[in-house]
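Visitor: I would like to learn how to read a model such as this one, feature by feature. Could we start with the loops and then go on to the strands and helices?

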Amino acid sequence: MTTVGEFMTTRLVTMDGNETLIAAAQEMRDSAIGDVVVTDGDNVVGIVTDRDITVRGVAENMEPGATRLGQITTRDVITVSQYDDVVAAADLMRTYAVRRLPVIDDGRLVGLISMGDLAVEREPQSVLADISADDPNN
């Protein structure tokens with residue numbers, strides 16, 4: 001069995017829900033990532049993606065400098081353990097129509113696994129795997 005822990009990303013960016021959309025967008029740009037995990041202390045409360053900022057924030061005419069991440073956070077995130085099977089993780093992504101799953105160990109955030117991570121492992125010749133394995137172009 002191939003486990004989530006073998007392919008998860010451990011280079012995580014977390015932000016408090018009181019941070020602004022601008023702060024999150026700048027962090028995503030500077031870290032060359034497409035999401036931040038939203039936390040309250042040590043607890044994961046949700047996730048915000050670059051698409052969320054665009055669709056739930058800017059497109060809804062929310063002021064990026066005044067809108068807080070907590071206002072657009074996807075809550076009730078589905079999580080996995082680093083010991084879970086990658087096929088089960090892929091099934092969860094498909095079932096819940098999500099592209100990323102926080103990886104939790106003993107109640108603590110330890111990683112993130114994405115559809116791209118799984119593509120590199122399961123379908124290394126796919127276009128998604130090629131894109132995911134490439135260096136960021138920004």
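Guide: Let us begin with Asn 61, which is found in the loop between α2 (50-57) and α3 (86-96); helices (H or I, at least four residues) and strands (E, at least two) are DSSP runs, numbered from the N terminus. This is a predicted model, in which local features need pLDDT of at least 70 and side-chain atom pairs count only at pLDDT 80 or more, while totals for chains, interfaces and linings use all residues. Residues are numbered from 1 along each chain as its sequence is written, and side-chain values use heavy atoms, with hydrogens and water left out.

Visitor: What is the phi of Asn 61, and is Asn 61 buried or exposed?

Guide: Its phi is near 65°, a positive value in a residue other than glycine. Asn 61 is exposed, with a relative accessible area of 71%, where exposed means over 50%, buried under 20% and partly exposed in between (1.4 Å probe, protein chains only). Asp 106, in the loop between β4 (100-105) and β5 (108-114), likewise has a positive phi, near 50°, without being glycine, and Asp 106 is exposed at a relative accessible area of 78%.

Visitor: Which residues is Thr 73 in contact with, leaving aside its neighbours within four places in sequence?

Guide: Contact means heavy atoms within 4.5 Å, and on that basis Thr 73 touches Val 38, Val 45, Gly 46, Ile 47, Val 48 and Arg 56. Thr 73 also lies in the loop between α2 and α3, but Thr 73 is buried, with a relative accessible area of 10%. Its side chain reaches the backbone oxygen of Leu 69 at 2.6 Å.

Visitor: In which sense do β1 and β2 pair?

Guide: Two strands pair if DSSP finds at least two bridges between them. Strand β1 (residues 14-16) and β2 pair in the parallel sense over three bridges, with Met 15 standing opposite Val 38 in β2. Together with helix α1 (residues 21-31), these two strands make a right-handed β-α-β unit; right-handed says that, with the strands pointing away from the viewer, the path from the first strand over the helix to the second runs clockwise.

Visitor: What happens on the β3 side of β2?

Guide: There the pairing of β2 with strand β3 (residues 43-49) is antiparallel and extends over six bridges, Asp 35 standing opposite Thr 49 in β3. The hairpin of β2 and β3 has two residues between the strands, and in it Gly 41 takes a positive phi near 65°. Strand β2 (residues 35-40) is mostly covered, five of its six residues being buried.

Visitor: Which residues of α2 are buried, and where do they fall when seen down its axis?

Guide: They are Asp 52, Ile 53 and Gly 57. Seen down the axis of α2, they fall within an arc of 100°, so they line one face of the helix; the arc is that of the directions from the helix axis to the C-beta atoms. Their cover includes α1 and β3.

How values were computed
A polar contact is a pair of N or O atoms within 3.5 Å; within protein, one must be able to donate a hydrogen and the other to accept it, and residues adjacent in sequence count only if both atoms are side-chain atoms.
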